[in-house]
Amino acid sequence: QVQLVEAGGGLVQAGGSLRLSCVASGRTSGTYNMGWFRQGPGKEREFVTFITWSGGTYYADSVKGRFTITRDNVKNTVYLQMNMLKPEDTAVYSCAAGKSSLASLTSRRAYDYWGQGTQVTVSS
């Protein structure tokens, strides 16, 4: 079992920045793909970004150019740097870990473990 704990959420003004972290513990050995998803008020959970075990990244169009995902395998931590935040970015952000090679990494089905989520609120 892998446990994921997110941190860094909070309230920021539009145009501001925030950095989220996701620390993994437990059975953290192996090569995991890591993803971030979010669920805003009145919305379904949506894909934000992922980073593969080898460092490849991909972003949803809604955050491309503003968000950056990185990972530190020594610290078992993945980060989400969020810049130029918009009110539409308001959501609970959850990190996820998985080893699936059969499902798209933009899909929740690709991930086996999930964090509890951290609230990000962007005011206008």
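Modeller: Let's sort out some words before we start: buried means under 20% relative accessible area, exposed means over 50%, and partly exposed is in between, using a 1.4 Å probe and protein chains only. This is a predicted model, where local features need pLDDT of at least 70, side-chain atom pairs count only at pLDDT 80 or more, and totals for chains, interfaces and linings use all residues. Residues are numbered from 1 along each chain as its sequence is written, and side-chain values use heavy atoms, leaving out hydrogens and water.

Colleague: How far apart are the closest N and O atoms of glutamate 46 and arginine 38?

Modeller: These two make a salt bridge, that is, a side-chain nitrogen of Lys or Arg within 4 Å of a carboxyl oxygen of Asp or Glu. The arginine 38 end is buried, because its relative accessible area is 5%. The closest N and O atoms of the pair are separated by 2.7 Å.

Colleague: How many salt bridges does a search of the whole structure find?

Modeller: One of them is between the side chains of aspartate 61 and lysine 64, at 3.1 Å from N to O. There, aspartate 61 counts as exposed because its relative accessibility is 64%, while lysine 64 is partly exposed at 48%. The search of the whole structure gives a total of 4.

Colleague: Which residues do salt bridges that share partners join into one network?

Modeller: Start with aspartate 89 and arginine 66, whose side chains meet in a salt bridge of 2.7 Å, N to O. They sit 23 residues apart and link distant parts of the chain, with aspartate 89 in the loop between β8 and β9 and arginine 66 in the loop between β6 and β7; those β labels are strands, meaning DSSP runs of E with at least two residues, numbered from the N terminus. Both aspartate 89 and arginine 66 are buried. Through shared partners, the network is Arg38, Glu46, Arg66 and Asp89.

Colleague: How far from glutamate 6 is the nearest side chain of opposite charge?

Modeller: Glutamate 6, in strand β1 (residues 2-7), is buried yet has no salt bridge. For charge, Lys and Arg count as positive and Asp and Glu as negative, with His and the chain ends not counted. The nearest side chain of opposite charge is arginine 45, at 8.4 Å.

Colleague: Which backbone nitrogen does the side chain of threonine 118 reach?

Modeller: Threonine 118 is in strand β11 (residues 118-123), and it is buried because its relative accessible area is 11%. Not counting residues up to four places away in sequence, it touches Glu6, Ala7 and Gly8, among others. At 3.2 Å, its side chain reaches the backbone nitrogen of glycine 9.

Colleague: And how far is the backbone nitrogen of tryptophan 53 from a polar atom of the asparagine 33 side chain?

Modeller: Asparagine 33 belongs to strand β4 (residues 33-39) and is buried because its relative accessible area is 7%. Among the residues it touches, beyond four places in sequence, are Ile51, Arg71 and Tyr111. The distance to the tryptophan 53 nitrogen is 3.2 Å.

Colleague: What is the phi of asparagine 76?

Modeller: Most residues other than glycine have a negative phi. Asparagine 76 is in the loop between β7 and β8, and is partly exposed because its relative accessible area is 29%. Although asparagine 76 is not a glycine, its phi is positive, at about 55 degrees.

Methods
Helices (H or I, at least four residues) and strands (E, at least two) are DSSP runs, numbered from the N terminus. Contact means heavy atoms within 4.5 Å. A polar contact is a pair of N or O atoms within 3.5 Å; within protein, one must be able to donate a hydrogen and the other to accept it, and residues adjacent in sequence count only if both atoms are side-chain atoms.
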